[in-house]
Each structure stands twice: as structure tokens, then as C-alpha cells.
Amino acid sequence: MNRCGRALLLGFLLAGAQGVSAQGLPVIRTVEVTEPRLFRQFWSVARDTSGLMVVGSSTGFGIYDGQRWSYATITGDEAVRALVTGPDGTLWYGATHHFGRIGADSLGRPVPKPLLPDLLWHGNPVGDISSIASDGPTTWFQTRNRLYHTLGDSVAALASAERMGLLLQTHAGLVVHRVGIGLQRVAPDGFRPVPGGASADQTEVFTVAWNRGDFTWLFSRQRGMVRFDADGLTPTASQMADSLRKHPAYRGTPVGDRHFAIATLSGGVFIMDAEGRMILNLRDDLLPTNAIYNVHHDAEGLLWIATDNGILVADLGYALRMYDSRNGLLGAPTSMVRAGNQVYAGTTAGLYRFDAMSPSPRPEAVPGIGRVYRLDARGDTAWAATAGGAYRLVGTTATRLTDGDVRWIRVAAADLVGIRNSMLFRMPFEGGRIQTLREWPQPTQNLLVRPEGIWLNSVSTGPILLKPDGSQKSYGIRAPGTSGYHEINVLSDTLWMAGAFGFRRYQARLDSFVHGSPFGTAVDTVSASVFFECGNERWYRRNQRLIRQVGGELVTTPYARIGAGESVQELACAPNGVWMAMFGGVYQITDPDRHPELLFNTRITRLSVGPDSLIWGGYGTPGTYVFPYRDNGLRFEYAAATYADPAGTRYRYHLEGFEPDWSGWSAESRKDYTNLPEGSYRFRVQAMDVYGRTGRETSVAFIIKPPWHRTWWAYTLYAIGIGILLWGIYTIRVRRLMREYNLRNRIALDLHDEVSATLSSIGYFAQAIPPDNLGTDGGKYLGLISESAGDAKEKITDIVWAITPENDDWEALFAKCRRYADDLLESNRLQGALVFEPRPGGKPDMLRRQHIWLMFKELLTNSVRHAGGTRVDISLRETDGRLELDVRDDGCGFDPESVHGNGVRNIRKRAEELGADVFLTTAPGRGTHWRIRMTMQARRNPLTS
């Protein structure tokens, strides 16, 4: 599609001195200033490098992030007259009594940072800062008679005896008008002449300049507008100059490379082109006031307008223009059609036409026509159904064809079909006799003429086909709880219906509607209200959003702001764009292919503990924050530095170290976390604007410290405490063992020295008495005394050995057992194999050692003294953590059931105390075999522990 004017930033060209306000208007909205401390008279506006909007009012300055306002006051609530973002990103301000930069305090809140802190009182010699400009590394602040400028870290002043105008960026450099001298270039060491500067009027005050490279447009209150070049100042005679003489220019800003916006004190905003011609005037029919103090054009194509009654935004970068009562189009649009080089728009108040070929079309009323219901066209001719009859439209000529109340009119193959006075009629193209077809009193949503007949559609009946043979068929397709199919239209010669539950396609062969979608399977069941075709493109509206299909691809984001809250009545295509009739006005998409492009910032605007305790206010650069564990509930607030439609912005977030991935997109601009565990985190956030563009993400790192009982020093105290406890337990244990050790030694010593010695003496005394002197019985008893004393001494020796601490190991036990076995076998002249394999290391407890020894001694004694054999084999070894005692003889054996002595009973009792397994194999005449298996460690016995 050929679309003229596509390269123009604003989408329109010169309209001449007449009817500038009749052109298509940009989308304008009021920015709601919710900060009550900001007085609504705004003097300055600027956008800093992070994307924040900063405005200066009569009571200080406010910062807007797209979601909320923050406020900072100048000393004494001074007015902020000027705001400029320098080349290095510094945001400079000029107030009524001082100047400086906007910085951040310790909590990240915006605060003024004065360059002259000793001059912060009213009545000081600084004066009112009217303008600020940067010239390379130097920033200049202008008052009536003095220029202050930065000089490294200090400030210097350049005085002028003559009154000065504002600082102006021109092709000759940074200049200022000194009244009575002319335009002069400013430098740190003084004023310098510039070519042609002396020709300035002696009393003229210049307020705005637009540098065009080889010349500069200057604007003054006396001559309006002049051209400044090497030849001097040349007056300009134009409608723009005349308007500026009546409405003095106050501030200005470039709008791209080809246009310039001027704020005037009484005429609103003028927008001019490079040739000095006015192309648009935004006045009080669009704005709340004509008193404009400042304008700023940002990277999004938004023109910020500072007025004496608030802040407005005109979206000049959006390829959308609107026409309503403010530019001469009256009434609510009802229908739209293109015929040849004309686009016709019917409204409830009349009929208007637009030049379909002009890049700057204006609505022109067609006289004599009132309320328009519907339009239709073929070739260069259009027809209108109006409250006063049917009309044929050719160019600027309207011919009435019928009278009456004509609600619908459609082009058939050779004539027209319409609804007049509740009757369906047919008539020739040029007018003439009307043929009444039938009565049709119902409100009609759609009327179409097709080869299969005439289609009529209403809410009450649904689609009805009047066939050529006079019959009719109803296609009342309706889903429960819905309003049926309320739209019927033709796309690529195929009839479609759309409604609350999707699309249906008419098949003439079946004479029925079948399921399908002209927009692909992605939207085959999606509700659609209206749909149209423009050449090779298709458009439809659903969920208050306009969607375009080009080559099978659905495009939504460039049109996200069109149709929200309004109903698209009809759509028409023309070389200068796509036209839509909506309830609120006629809209023109000047370039459907132009998608806004901007890489904007996402900003964290506030970090607080809970809802109230501010940690960082969002201005400047955040640090890495460390929070005690009691402050583990955090709130993050964020905003996107995009202002075309802040309400349409969506956000997603991700808390690294806590959440596995990004959240979904939502309109919520705040996230709360409660009871975060200790650890290191990074909160990330990213925004997506109304056009589907994603901005740069931002993040802030923080640490939640552990609670005091999980800190390193707490663990150190725990370790020290445990060490002290273990040392105490160890000390008590050692002391107890030492007491036991000393007691055992003392008992062993006493038993050896006292009891054993006494028993030895008794034995010696008994042996010293001659048996012959005692008689038969006395000798027997004396022998018993000597034998008993020997047995008692032997048992005492065993007890002493058992309780002596030095014998508390396996090696000592095995050695004692081996010595005893060697001595006993040798003394009784018995053969045998002795296997003793002691367990390396380890110590059995005293009772366990004693039981093993006495059990070994009992087993070996029984085999040697009572078995009567010739061989005894003994094995004592450790196998797989268990102690195995094996004693085998070739003696007489015995019957275990008939033996009731203490020997066998004592062996089994001691084995039970040890938790051992006892295996006895014996029989009379077949020898005896004892096998005892036990664990190396003692089993806890409550009776013996």
C-alpha cells in the first residue's frame, strides 16, 4: 500500500496559514500530579539519563517514574525555573535564588546539591536563574546581569553591565543577547563577538533558538522570529512570525531533526518545520490553558508540556492522528468508506470527507447532509444512508436519490439495496423507481448483498438469508449465555460471521456455516466484535484491542492503544493510512508499518523493610545492602521509564537465591517478601511497555544475616562450650578411672600382701607339723588345711591378677592363658596343640577378662585332671570380631544329662554373663569338645555394670 508522508516524524506536512488546527491531532493526555506539595504552575521539565521525568514548579521539583511522584524542595520553597541534563548525565537546576545539581541523599532520595551553599537565602546576589546551557565541559547559569559557570570543582562568575537575554545554542556557539550590544558568544574569560551578532535590535530580548547547523532560528518578543546567520539577523514575514509576535515565545525544544516545538505564554504550543512554517498549533481546545512555560521532547516521541495548570504529554511519535470536534468533525462517527481519492466519514451530525492522497488531510463537511447511518462505495462513487434519504457522492458533489429515513444502503451487482422506513428496498445506482422487497422493522447490524441472496443480521434473529427465489433461511447460531454472532462481513469473497465464541465460514454448497477462522487457528475460537479487509491486510478487534494480520502474521503491539474503551464502527484503507470510525472520533493510522522502537530502563524506585522503613529511595545507584535477620521482610517497588501509556506497562521479577525463575508478567509494580532465610540475594526486575517492548532489567543485591544463634561467633561459642563440656566429662571420667585404678591397685596389693601372705604362712605352718605326731585323723585334717590354703592362695592370685590395671588388655590375657596351659600340660605329661592368636590392641573390661580366664582355667583343668586322656588341643583366637575358645581332649567323656557338678554349671553361667554361644560335644568313651564363641566387647548387663 502506498502511504505518503511515511518518512515524516509527525505524519503531516504544511497546511498553510488557514486551518492548521483542523489537521489530525496527536494523542494528548494529562499527567496526574499526585504530589500535593507541587504547586500546579510548572516552569521547567527535563528527562534525566535514567529516564526519570523531572519537573520544576513554583514550590520545588518533582520526579515522576511512571508510577508515582517524589518531591524535593529548594530552600524556602523556591521556584525551579530551569532544568537541563548535561552531556555527562548531570541534571542541573536553576532556582529563584541559587543553582546546582540534583543528587541523592544517603537514602537514595532526590535532593538539591547547591553549587554555592553560602548563598542559600533570599535576597542574595545570585538572582533568578532564567536559563541553563552546557558548552562542552562547562555548564552556564544565566541571571539578568551575570553568568555563573562551572570551573572544575568551583564556580566562577561573568558579569555584564547590560541586561541579558537567555542563553542560546546557535550555529555560532553558545551566545547571549546583551541589550545595547547585540549577540555575543560566552567564554569563561569573557564575552566574544560573533559574525552578524551586532545587528541585533538594541532592545530586543531573544528567548528561544533553533540551531540548524549553518543558521539559527531566533525567537523574540518584538519581531517574533528572525533568521540568524553570518550576514546578521533577517526578519521573517510568515504566519509563524505573526503568531509569535502576538503570543511571545518562552521556551523551545527540537522535535527530531525536522521540527521544533515552541512554548508560548498565550498561544499554546507551536510546531514548525525547518523552513519556518507552522504545521500544528496545540491550543486550549486541546490543552487546559494557553499559558505554556516549557516543552521537552524525549526519545519516545513524547512532547512534555509544562503549563500554569499541570503537565501534559502529546504523543508525537505515535503514528496515530485523531479528528473530532476540536478540528471540525462534529458528532459520533457511524460509518466510513473510501471512494477513489476521498475518504468519507459519516457521523450522527453529518458527512465529512478527507483527501485520501494528502499526508495532512483535514475534515471537510459535505453540506446539506445530516445524520449518517451507513456508507458504501464502488470505484470513485460512494452512497450514504442518512436520516434525510439516500445520497450519491462523487468527489465533492452529493446528489440526493430518495427521501425518508434510510438506515442501510449496499451496492449490488447492478443496483442498490437498502432499508428505508423499515422496508427492504432495491433501486438503480442513479436513483429512480424504488422496488419494495419486504418489511424489515428490526434494528439491523449488517446488510450484505451476495450471489446467494441478501443477508440481514440482527441481535434478535441472527443471520437471515433472503434467497433470489423469494424464500428465506435463518442461521440463528447462538451459544448459551451469549449474544450470538453480531458481525457478518466478507473477506476475500468469503462470508464470515464473528461473535462471542469465535468465527464461522459460510459454505454455499452446504448452505450452512462451518467452524473456522480467517485469522488462523490461533484465533479460531476467540471472540471478535468487528473485522475488515484492507487490500492484502485484515483487521479485527477483540477484547478492546485492534489486531492486524499481514501475510498470515498477527501484529498487535503497535496498535495496543487504539480502540481501548471504544467500538470500531468501520475501517477504510487509503494511500495515506488506515482510517477508522470510532465512537470518540475518526482515527488515522498514518503508517501501520511503523513500530515504535525504544530501549528504556526499568528502575527499582523504592526498597524498604516492610511498608514503611525506607532503605533506598530509587535515585542514584543502589549499593549492596546487609540486613539483620529481624529485617527479613522486604518491599520492592519499581517502574518503567516509558510514559506513552504507563497503565499498560507489565512487569516481571526474579529473586535470585530464593526463586527458581522469573515470575509471569503482571501490572503489579510492587513485590513483598516476608521471612526470607539468611543468605545472599539479587532482586531483578524487567518491564514490558504497552507496545510489547522489553526494557533493560535492573537489580539490587542484598544480604540477610543469620539470626544471632546461627552466626559464626555463636557457633564459636557453641564449640567452646562443647569443648568445655567434653573436657569436663573427660576430666571426670579420668578422675573416676584413676580412682578405680588406684582402688584396684590398693585391693590387689592388700590381697597379695595380707591375705595371700597369711594363707602362705598357714600352709607353711601346716607343712611344718609332722603328720606322725597328730594321729590318723589329725594328719588328714592337717592335709586338708594345707590343701585348702593352697587353693585359696591360688584363687586369691587369680583375683589379684584380674583386678590389677596393668593386665587390662588382650595380650596379657592370652599370655596368661598360654603359660597356664603350657605348665599344666607339661606337668601332667600330656600332648596337645596350643593355638593362641591375640587380638592386637584394645582392652577388655575387668569382669569380662576375669570370666574368660576362669572359664578357660575350668575347661583346661577338667580336661587334664578328670578326662584321663593323653592329648588336649587348645585354641584361643579372634575371628571376624569374635573370640573363639576351643578345648578338645581324647579322654573318657561323660553324659551331660547325668553330670550335676559345679564345673559344667559354672562354665555355662560365665558364658551367659559374657553373652557367648556354648557348644559341648561329648559322650562316654568318646572324649570332650568345648567350643565357645563370644563378642570381643562386653554386653551391657544391668546386674554386673
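Student: In which loop is Ser492 found?
Tutor: In this predicted model, Ser492 has a phi near 50 degrees, a positive value in a residue other than glycine. Its place in the chain is between two strands, with residues 487-491 on one side and residues 494-499 on the other.

Student: Is Ser492 buried, partly exposed or exposed?
Tutor: The relative accessibility of Ser492 is 45%. Buried would require a value under 20% and exposed a value over 50%, with partly exposed in between. Because 45% falls between these cut-offs, Ser492 counts as partly exposed.

Student: What is the relative accessible area of Asn675, and which class does that give?
Tutor: Asn675 is found in the loop between strand S62 (670-673) and strand S63 (679-688), and Asn675 has a positive phi of about 55 degrees although it is not a glycine. The cut-off for an exposed residue is a relative accessible area over 50%. Asn675 has a relative accessible area of 61%, so its class is exposed.

Student: With which residues is Ser471 in contact, leaving aside its neighbours within four places in sequence?
Tutor: Ser471 is found in the loop between strand S44 (462-466) and strand S45 (472-474), where it counts as partly exposed at 31% relative accessibility. Its C-alpha lies 9.8 Å from that of Gly453, a residue 18 positions away in sequence. Leaving aside the neighbours within four places, the residues in contact with Ser471 are Leu465 and Leu466.

Student: What distance separates the C-alpha atoms of Ser529 and Ser567?
Tutor: Ser529 is found in the loop between strand S49 (512-515) and strand S50 (530-534), and it is partly exposed, with a relative accessible area of 21%. Ser567 is 38 residues apart from Ser529 along the chain. Between the C-alpha atoms of Ser529 and Ser567 the separation is 8.5 Å.

Student: How many helices and strands does the chain have?
Tutor: The chain has 945 residues, of which buried residues make up 51%. Among its contacts with a separation of 6 or more, 52% are between residues 24 or more positions apart. The secondary structure of this chain comes to six helices and 69 strands.

Student: Which residues of H4 are buried?
Tutor: Helix H4 covers residues 810-827 and reaches 26 Å from its first C-alpha to its last, close to the 26 Å expected at 1.5 Å a residue. Just after H4, Arg829 takes a positive phi of about 50 degrees. An α-helix has 3.6 residues a turn, so residues three or four places apart point the same way. In H4 the buried residues are Trp810, Ala812, Leu813, Phe814, Lys816, Cys817, Tyr820, Ala821, Leu824 and Leu825.

Student: Is Ser243 buried or exposed?
Tutor: Ser243 lies in helix H1 (residues 239-246), and, leaving aside its neighbours within four places in sequence, it is in contact with Phe270 and Met278. Its relative accessibility is 11%, which is under the 20% cut-off, and therefore Ser243 counts as buried.

Student: Which residues are closest to the centre of the second largest pocket?
Tutor: The second largest pocket has a volume of about 1100 Å³. A total of 45 residues line this pocket, and those closest to its centre are Val84, Gly252, Thr253, Pro254 and His296.

Student: Which elements give two or more residues to the lining of the second largest pocket?
Tutor: By class, the lining of this pocket has 22 nonpolar, 17 polar and six charged residues. The elements that each give two or more residues to it are strands S2, S6, S10, S14, S18, S22 and S26.

Student: Which residues does His296 touch, not counting residues up to four places away in sequence?
Tutor: His296 lies in strand S26 and is buried, with a relative accessible area of 18%. Not counting residues up to four places away, the residues that His296 touches are Val45, Ala46, Arg47, Met53, Thr253, Leu302, Leu303 and Trp304.

Student: What is the separation between the C-alpha atoms of Trp210 and Thr253?
Tutor: Trp210 lies in strand S18 and is buried, with a relative accessible area of 3%. Beyond four places in sequence, Trp210 touches residues including Phe215, Trp217, Pro254, His259 and Met272. Thr253 is 43 residues apart from Trp210 along the chain, and their C-alpha atoms are separated by 7.8 Å.

Technical notes:
Residues numbered from 1 in each chain as written. Predicted model: local features only at pLDDT ≥ 70, side-chain atom pairs only at ≥ 80, totals over all residues. Heavy atoms only, no water. Helix = DSSP H or I, 4+ residues; strand = E, 2+ residues; numbered from the N terminus. Buried < 20%, exposed > 50% of the residue type's maximum accessible area, 1.4 Å probe, protein only. Contact = heavy atoms within 4.5 Å. Expected span 1.5 Å × (residues − 1). 1 Å grid on protein atoms, 1.4 Å probe; cavity = no way out; pocket = protein on both sides within 12 Å on 5 of 7 lines; lining within 4 Å. Points joined across faces, edges and corners; volume = space filled by probe spheres on them. Nonpolar A, V, L, I, M, F, W, Y, C, P; charged D, E, K, R; others polar.
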